[in-house]
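Here are some friendly notes to read beside the model. Keep the sequence and the 3D view open, and find each residue as you go.

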Amino acid sequence: MENPQILTHVHKSMTYTLFDAKFIPRSARFVCVGSHPKGTGVMQVYEITHQDLKGDVKLLSDIEKSTSFKCGTFGAANLQTRFFATGDFNGKLDIWDLESPSLPVYSVKAHKEIINAIDGVGGLGIGEGAPEIVTGSRDGSVKVWDPRQRDIPVVNMESADGETKRDCWCVAFGHTYNQNERMVCAGYDNGDIKMFDLRTMSLRWETNVKNGVCGLEFDRKDIVMNKLVATTLESKFHVFDLRTHHPSKGYSSLTEKAHKSTIWSVKHLPQNRDVFMTTGGTGTLNLWKYSYPSKRVDTDSDGLEVGVMGTLKKLQNVTLSTQPIASFDWSADKEGLAVGTSFDQALRVLIVTKLNKI
């Protein structure tokens, strides 16, 4: 079988720093957020168009706000309104109606410092339970918000008084397979990964991967937790098998070295949870396929169950830029369509071929 190809469909230079881009569900549109040179926030909506057999994007709206945006998610939105949640440099969480974005439909001063990362769940018909948003900040705290509840977080997870506050770089929801279960994973600048069980309001698991954790994602949000990928500084990422937890060894994992630089983010293909893309600090994209072992569980000498890891194969890699690719998002509606942003102030619409044949 020929490997998939990663093709640039549209390359567009911007006049501002791009921090995040997300596809608007059930559409050929996406939204970009970032920072103007003067420090104001920018939010732009684009539509993918075709002109003379060539790909292009059409600017539908250009919104400027007083504070720079760092991250955004549609994860808690319903499919009728498709509201967009953002985290900004002043620690504010806002939810926007992109059709009339003059004022947010929900706004809260969520953190004392910049919101580095955001994720949503319970929306888009994915996963069960309430629509919730998780934010992670430089102030060291991770908070879960229900947009139906004003001002106060549902959960506030932060270090105890006197403990060093670690910069939280990434957050992710998972394990939302019924109305009650829900996990939040958070990654920190010192290499800590913490998994919080929102049903029992307890720390379910923690580990340290020795390098700052830049990206985290469960392979699917709406299933019994299966796999988690964590990307870090120093060219490494880790795949954890979350189906089997050993009392002393924890979750089994494998580590891969890639990109020759910081691995900024990871995104699983919505149509195939065993395929994912990692983005690198040298402007590279790597496409991976995880293959399961013949049996996922073994027993150790004490008769305790221990997870067995599978194998990883790099399907394709491409260099798009000289600067880090800071964000990447797959389209849930069209397999192989993706959007990425990089710190050379460029936006790219990408097409990855042959994914249906993997």
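1. Cys 170 is buried, at 4% relative accessibility (buried means under 20% relative accessible area, exposed over 50%, and partly exposed in between, using a 1.4 Å probe and protein chains only). Cys 168 is buried too, at 0%. How far is the sulfur of Cys 170 from the closest cysteine sulfur? The distance is 6.3 Å, to Cys 168, which is too far for a bond. A search of the whole structure finds zero disulfides, where a disulfide is a pair of cysteine sulfur atoms within 2.5 Å.

2. A word on what you are looking at: this is a predicted model, in which local features need pLDDT of at least 70 and side-chain atom pairs count only at pLDDT 80 or more, while totals for chains, interfaces and linings use all residues. Residues are numbered from 1 along each chain as its sequence is written, and side-chain values use heavy atoms, with hydrogens and water left out.

3. Now turn to strand 7, residues 84–88 (helices, H or I of at least four residues, and strands, E of at least two, are DSSP runs numbered from the N terminus). Why is strand 7 described as largely enclosed by the rest of the structure? Because five of its five residues are buried. Phe 84, Thr 86 and Asp 88 point one way from the strand, Ala 85 and Gly 87 point the other way, and all are buried.

4. Strand 7 has partners that you can trace in the view. Strand 6 pairs with strand 7 in the antiparallel sense over four bridges (two strands pair if DSSP finds at least two bridges between them). In this pairing, Phe 69 stands opposite Asp 88 of strand 7. Strand 8, residues 92–96, also runs antiparallel to strand 7, and four bridges join them. Here Ala 85 faces Ile 95 of strand 8. The hairpin of strands 7 and 8 has three residues between the strands, and Gly 91 takes a positive phi near 85° there.

5. Thr 73 belongs to strand 6, which covers residues 69–73. Thr 73 is buried, with a relative accessible area of 6%. A polar atom of the Thr 73 side chain lies 2.9 Å from the backbone nitrogen of Gly 75. Not counting residues up to four places away in sequence, Thr 73 touches Phe 83, Phe 84, Ala 85, Ile 118, Asp 119 and Gly 120 (contact means heavy atoms within 4.5 Å).

6. Next, look at Ile 24, in the loop between strand 2 (17–23) and strand 3 (29–35). Is Ile 24 buried or exposed? Ile 24 is buried, with a relative accessible area of 4%. Leaving aside neighbours within four places in sequence, its contacts include Val 45, Phe 74, Arg 82, Leu 98 and Asp 333.

7. Finally, check two backbone angles. Most residues other than glycine have a negative phi. Arg 82 has a positive phi, near 50°, and sits in the loop between strand 6 and strand 7. Met 201 also has a positive phi, of about 55°, although it is not a glycine. Met 201 lies in the loop between strand 16 (192–197) and strand 17 (202–208). At 52% relative accessibility, Met 201 counts as exposed.

How values were computed. A polar contact is a pair of N or O atoms within 3.5 Å; within protein, one must be able to donate a hydrogen and the other to accept it, and residues adjacent in sequence count only if both atoms are side-chain atoms.
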